[in-house]
Amino acid sequence: MKKIIGPAGLMVHGIHKDDQKPLSQGSITVRNFEKIIIKLKNRILNAEEWINKSKKNDLNKNDLCITLDDNLRSQVKYGIPILKKYNIKAFFFVYTSVYEKKNYEFEIFRYFYNSKYTSFENFFNDFFNFLIGSNYKNKINKVNKHILDNYLNKYKFYSKADRHFRYLRDELFNSSEFKKICNKFMKKKKFNYKSNKIFKKIWITKQEIKKISENGHHIGLHSYTHNKNIFKMKYTNQMYQYKKNYNDIKKITGIFPESASYPFNSHNKDSKLILKKLNINHVFLARYKVPAKSSFEINRYDIKEI
C-alpha cells in the first residue's frame, strides 16, 4: 500500500463482488474495499467529525475520510454494508440531473459497453470500426497520431484503448455530438438505453439518498449535470450547476450540504467563489500529488490505486 498523506479523502466510485466483472474500470472489489478500510480504519474520520475539524482548520496529515461519487447503485449494494460493519459515516457526492432524466447518457453508455463486451478493448475496436464506417471517418483520420498516443499517458492505469476513447469523447467531439454517436451505436446493437430498468441498475433513488443521509452519512454537491467541462462555463452557468444541485439535495434530505467534490476534477477560479456563496465548507479534488492549498482543494486518493 502506498503512503497516504492527509488530510485526504479515499475516493470510491464503483464497487463489485469479487467474482463479478466490474462495470467500470475504476471499480474496486468488495474484498479489497474492506481490506483498505481495515488497514486505515484508525485514521478514518466520520463525515461529521471531518466537517467540524475542517471548520476549525484542525485537519492534520493523519486524517482521512471515505468519499463516494456519482450516486451509483453498487455503492449502496456493496459499500454501505461494509461502512456499517466498521461504523464509518462517509461523504456521498451526488449529481441530480439524472432524477429529471437529463444528461445521464454518459453512465448509460458505460454500463452498456461494460455489460455487453468481454473487455474494453473488444468494445473499443467495435466502436472505432463503427465510427470509421460513418460520416465521421475523415474527422477521425485527421487526428494527429502522436497527440492521440500521448493523451493521458501519465495515467498508467488507463489502457491505450481507454485513452483513445477518452480523446474521442472529451476532445474530438462535443458533448451533444458524442451523445448522438453513442445513442446511434447502442441502437444499432439493439440496446434499449431509455429503459427504466437500466436506469435503476446504475443509480440509487432519491428515497435512498434520503435514507443514506438519515443514517448519518453526509450528502454533498457534485454539480447538477456532472459536466466534465464545467471549468469552461461562465460564472452564471456554473452558479446554476451548483445552486440547482444544492437545492435538489436540500429538498431530498432536508439538510443543507456543507461539502462538495468537483466533477471530473473540473473547476476554475469561479468555482471556489460560487461554492463559498453556497456556504460550502470544503471541496475535494481527484488528485493527491500536488499539496492542497486550501480547504477548497482537498486531495483524494483513488481507492483503486492504493
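In this predicted model, helix 4 (residues 105-116) packs with helix 9 (residues 175-188) at an angle of about 35°, and the two axes sit 11 Å apart. The crossing of helix 4 past helix 9 is left-handed. On the helix 4 side, the residues that make the contact are E105, I108, F109 and F112, and they meet K179, C182, N183, F185 and M186 of helix 9. Sorted by class, this contact is made up of six nonpolar, one polar and two charged residues.

The class count for helix 5 with helix 8 comes to nine nonpolar, one polar and two charged residues.

Turning to helix 2 (residues 47-55), the buried residues are A47, W50, I51, K53 and S54. They span an arc of only 165° around the axis and therefore fall on the same side of helix 2. What do the buried residues of helix 2 pack against? Their partners are strands: strand 1 (8-12), strand 4 (64-69), strand 5 (91-94), strand 6 (218-221) and strand 8 (282-284). Just past the end of helix 2 comes N57, with a positive phi of about 55°.

Two further asparagines deserve a look for their backbone. N71, although not a glycine, has a positive phi of about 45°. It is found in the loop that runs between strand 4 and helix 3 (73-85). N87 is another residue other than glycine with a positive phi, in this case near 55°, and its place is the loop between helix 3 and strand 5.

P7 itself belongs to the segment that comes before strand 1, and strand 1 is among the strands against which the buried residues of helix 2 pack.

Finally, there is D270, a residue of helix 13 (residues 269-277). Its relative accessible area is 16%, and buried means under 20%, so D270 is classed as buried. Which residues does D270 touch, leaving aside its neighbours within four places in sequence? The contacts of D270 are then with Y235 and Q238. H16 lies well away from D270: the two are 254 residues apart in sequence, and their C-alpha atoms are 36 Å apart in space.

Conventions: Residues are numbered from 1 along each chain as its sequence is written. This is a predicted model: local features need pLDDT of at least 70, side-chain atom pairs count only at pLDDT 80 or more; totals for chains, interfaces and linings use all residues. Side-chain values use heavy atoms; hydrogens and water are left out. Ala, Val, Leu, Ile, Met, Phe, Trp, Tyr, Cys and Pro count as nonpolar, Asp, Glu, Lys and Arg as charged, and the others, Gly among them, as polar. Buried means under 20% relative accessible area, exposed over 50%, partly exposed in between (1.4 Å probe, protein chains only). Helices (H or I, at least four residues) and strands (E, at least two) are DSSP runs, numbered from the N terminus. The arc is that of the directions from the helix axis to the C-beta atoms. Contact means heavy atoms within 4.5 Å. Axes are lines fitted to C-alpha atoms, for helices over the stretch in contact, and angles run from 0 to 180 degrees between N-to-C directions. A crossing is left-handed if the near helix is turned anticlockwise from the far one by less than a right angle, and right-handed if clockwise.
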